[in-house]
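I opened a new notebook page for this chain. The entries below follow the order in which I looked things up.

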Amino acid sequence: SADGGDVLRSVSDEVGRLRALCNDDSVVRHYLEPSKKAPRLYSSEYSDEWLECLMKITDVGKVVPATEQVCTSVWEDKVKKPSDCLAVVQVEVELLTGRSHQIRGQLSALGFPLCGDAMYGGIA
């Protein structure tokens, strides 16, 4: 079984994808299902019927293991912590389009749901 260091290295490798987007000044592009109900679907595949959502990752913080102390400060109720959450990281974004649920949906589509966001995968 992997020790805590292996787990943290694995999560850090995944967060490296966000850092690369930040360092390259890349525009994150997804397409939003034109629905009035949440959660709304996001896709990286172009569709002329869906709404384009654009944002940039402007900063990615340090990867912090999801220890009991961290979980208590991030989640008011530890029961809500996703069971598969191994670590947390603070991410800053710049919206280039202003779509409903855009930050939540796009980060979730990238595999990084917001802490505590049950609608887009931040709660197990």
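**Entry 1: a lysine in a strand**

Is K56 buried or exposed? I looked up its relative accessible area and found 18%. The cut-off for buried is under 20%, so K56 counts as buried. I note here that the model is predicted.

Next I placed the residue. K56 sits in strand β3. I then listed its contacts, skipping residues up to four places away in sequence. The list reads D25, S26, V27, E92, V93, E94 and L96.

Which side chain does K56 join through a polar contact of 3.4 Å? The partner is D25. I looked at D25 in turn. D25 belongs to the loop between α1 and β1. Its relative accessibility is 49%, so D25 counts as partly exposed. I also checked its backbone. Phi of D25 is positive, near 55 degrees, and D25 is not a glycine. For context, most residues other than glycine have a negative phi.

**Entry 2: the overall layout**

I stepped back to the whole chain. I counted three helices and six strands. Along the sequence the pattern runs α-β-β-β-β-α-β-β-α. The chain has 124 residues, and 29% of them are buried.

I also looked at contact separation.

In what order do the four strands of the open sheet stand? I read the order as β2-β1-β3-β6, with antiparallel pairing. β2 (42-43) and β6 (91-95) are the edge strands. Each has a single partner strand, so one side of each is left without a neighbour in the sheet.

I followed one pairing in detail. β1, residues 27-32, pairs with β2 in the antiparallel sense over two bridges. Within this part of the sheet, L32 stands opposite Y42 in β2.

Then I looked for a helix on the sheet. Helix α3 (residues 102-109) packs there and touches β1, β2, β3 and β6. I noted the angle between the directions of α3 and β3 as about 75 degrees.

**Entry 3: helix α3 and one arginine**

Which residues of α3 are buried? I found Q102, G105, Q106 and L107. The cover over these buried residues includes β1, β2, β3 and β6. I also checked what comes after the helix. G111 follows α3 and has a positive phi, near 95 degrees.

R104 is also in α3. Its relative accessibility is 24%, so R104 counts as partly exposed. Leaving aside neighbours within four places in sequence, I listed L114, D117, M119 and Y120 as its contacts. With D117 there is a polar contact between the side chains, at 2.7 Å. I also looked up the spacing to Y120. R104 and Y120 are 16 residues apart along the chain, and their C-alpha atoms are separated by 6.5 Å.

**Entry 4: the nonpolar cores**

I turned to the largest nonpolar core, which has 13 residues. Which members touch the most other members? They are V15, L18, I57, V60 and L110. Both α1 (4-23) and β3 (51-60) supply at least two residues of this core. The largest share comes from α1, with four residues.

Beyond its neighbours within four places in sequence, L18 is in contact with I57, V60, V91, L110 and F112.

There is also a second, separate core of five residues. Among them are A66, C71, C85 and V88.

**Entry 5: the cysteines**

How many disulfides does the whole structure hold? The search finds zero. A disulfide is a covalent bond between the sulfur atoms of two cysteines.

I then checked accessibility for C22 and C53. C22 has a relative accessible area of 18%, so C22 is buried. C53 is at 0% relative accessibility and therefore counts as buried too.

How values were computed: Residues numbered from 1 in each chain as written. Predicted model: local features only at pLDDT ≥ 70, side-chain atom pairs only at ≥ 80, totals over all residues. Heavy atoms only, no water. Core = buried A, V, L, I, M, F, W, Y, C linked by side-chain atoms within 4.5 Å. Buried < 20%, exposed > 50% of the residue type's maximum accessible area, 1.4 Å probe, protein only. Contact = heavy atoms within 4.5 Å. Disulfide = S-S within 2.5 Å. Pairing = 2+ DSSP bridges. Axes fitted to C-alpha atoms, helices over the stretch in contact; angles between N-to-C directions. Polar contact = N/O pair within 3.5 Å; in protein donor to acceptor, adjacent residues only side chain to side chain.
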